[in-house]
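Let's work through some exercises together, one step at a time. Have the sequence and the 3D view open beside you.

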Amino acid sequence: MELRQIQYFVTVAEELHFGRAAERLHIGQPAVSQQVRRLERELRIQLFDRSSRNVTLTPAGEGLLPEARELLRARESFAAKAQHLAAESEATFRVGISSALGQRLDDFLDALTDRGAGTRFEFQTLDAHARLEEVRAGRLDAAFVRGIDTAPGLRLLTLWYDPLVVALPTSHPLAERGSLDLADLAALPLRVASRNENPVLFDTVLSACRKAGFEPALGPPSTRLQDTLAEIGAGSGGWTPVYPTAAGTISSRRIALLPLHGEPITIRMFLALRESADPERLELLTATSAQVRQKVAKEGWRIPPSKMDRRH
């Protein structure tokens, strides 16, 4: 049984004439008659009385007509729902994020308020490599990502520059200062992600140390931030660079956060999207990225008061 057969049955039942039903359906009369006959054979019941010049419904046809109309209404409802979901999917913006964007994600969404009206957002927290692969595969529309220079097949829009801050034990004398020169850390082991794990961060931090006049002594490679901070706070010592957007997630009383004097060590945050991104969406995101970049540059970064209080 096919829905078109049901539609032909209902149309003939309303017109009580195969010719007029065919005209209304914009198909030939033989096709209408053939499909109605086929429906009757499949149902093993006669729907129309064709014994006279006039076509009339049989009692069985009259009994089935309400259900047939209900089936057609269900088809229309199904199609309308599908169209709605398709439109909603087109308006949904799927974004890959890291776990410590904090206020910067709010800044991005605020910048989209006027331009992106009607857009629904879905966020997925993934590691950086997975975020990029999901964008390439089209399962994400864009992703926040830092610590890269290039991403083949993707377009990178600069969102902001993160001035790295220093995390070290509150028990260390340097923690009493309001800020540090990078050279002050020369005697402490550096905990940073391995070069294989994050080459841009590794090279940027080591280059800054060398520019400050020392070759840092490398401690065990940093893995998850919270694990590294727990080890530093528990007495293993050393220091680690921290993205300012992650500062709000640090709750340990054993960890102090301090900014650096002079030229900051900065890591760029990008919004990655496919080269083939829709031109209108690309224009929207380019303008939004510029607005976020200006806002972040104007505000700068300050250690949250709660972190400052912990050092005193």
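On a 1 Å grid over the protein atoms alone, a pocket is an open set of points with protein on both sides within 12 Å along at least five of seven lines, while a cavity is a set of points where a 1.4 Å probe fits but cannot get out; lining residues have an atom within 4 Å of a point. Points are joined across faces, edges and corners, and a volume is the space filled by probe spheres set on them.

The model is predicted: local features need pLDDT of at least 70 and side-chain atom pairs count only at pLDDT 80 or more, while totals for chains, interfaces and linings use all residues. Residues are numbered from 1 along each chain as its sequence is written, and side-chain values use heavy atoms, with hydrogens and water left out.

**Exercise 1.** Describe the largest pocket and its lining.

Step 1: The volume of the largest pocket is about 1,200 Å³.

Step 2: Its lining has 41 residues, and A128, R131, E197, N198 and Y243 lie nearest the centre.

Step 3: Look for helices (DSSP runs of H or I, at least four residues) and strands (E, at least two), numbered from the N terminus. Helix 6 (128-136) and strand 5 (142-146) are among the elements that each supply at least two lining residues. Helix 6 gives the most, with six residues.

Step 4: Sort by class: Ala, Val, Leu, Ile, Met, Phe, Trp, Tyr, Cys and Pro are nonpolar, Asp, Glu, Lys and Arg charged, and the others, Gly among them, polar. The pocket lining divides into 19 nonpolar, 13 polar and nine charged residues.

**Exercise 2.** Find the largest cavity and sort its lining by class.

Step 1: Searching the whole structure gives one cavity of 30 Å³ or more. The largest cavity holds about 30 Å³ of space.

Step 2: L164, V165, V166, V205, W239, P241, L260 and I265 line this cavity.

Step 3: By class, that makes eight nonpolar residues, no polar and no charged ones.

**Exercise 3.** Which residue has a positive phi of about 60° although it is not a glycine?

Step 1: The residue is R44. You can find R44 in the loop between helix 3 (29-43) and strand 1 (48-49).

Step 2: Is R44 buried or exposed? Buried means under 20% relative accessible area, exposed over 50%, and partly exposed in between (1.4 Å probe, protein chains only). R44 counts as exposed because its relative accessibility is 78%.

Step 3: Compare L16, which has a positive phi of about 50° and is not a glycine either. L16 counts as partly exposed because its relative accessibility is 37%.
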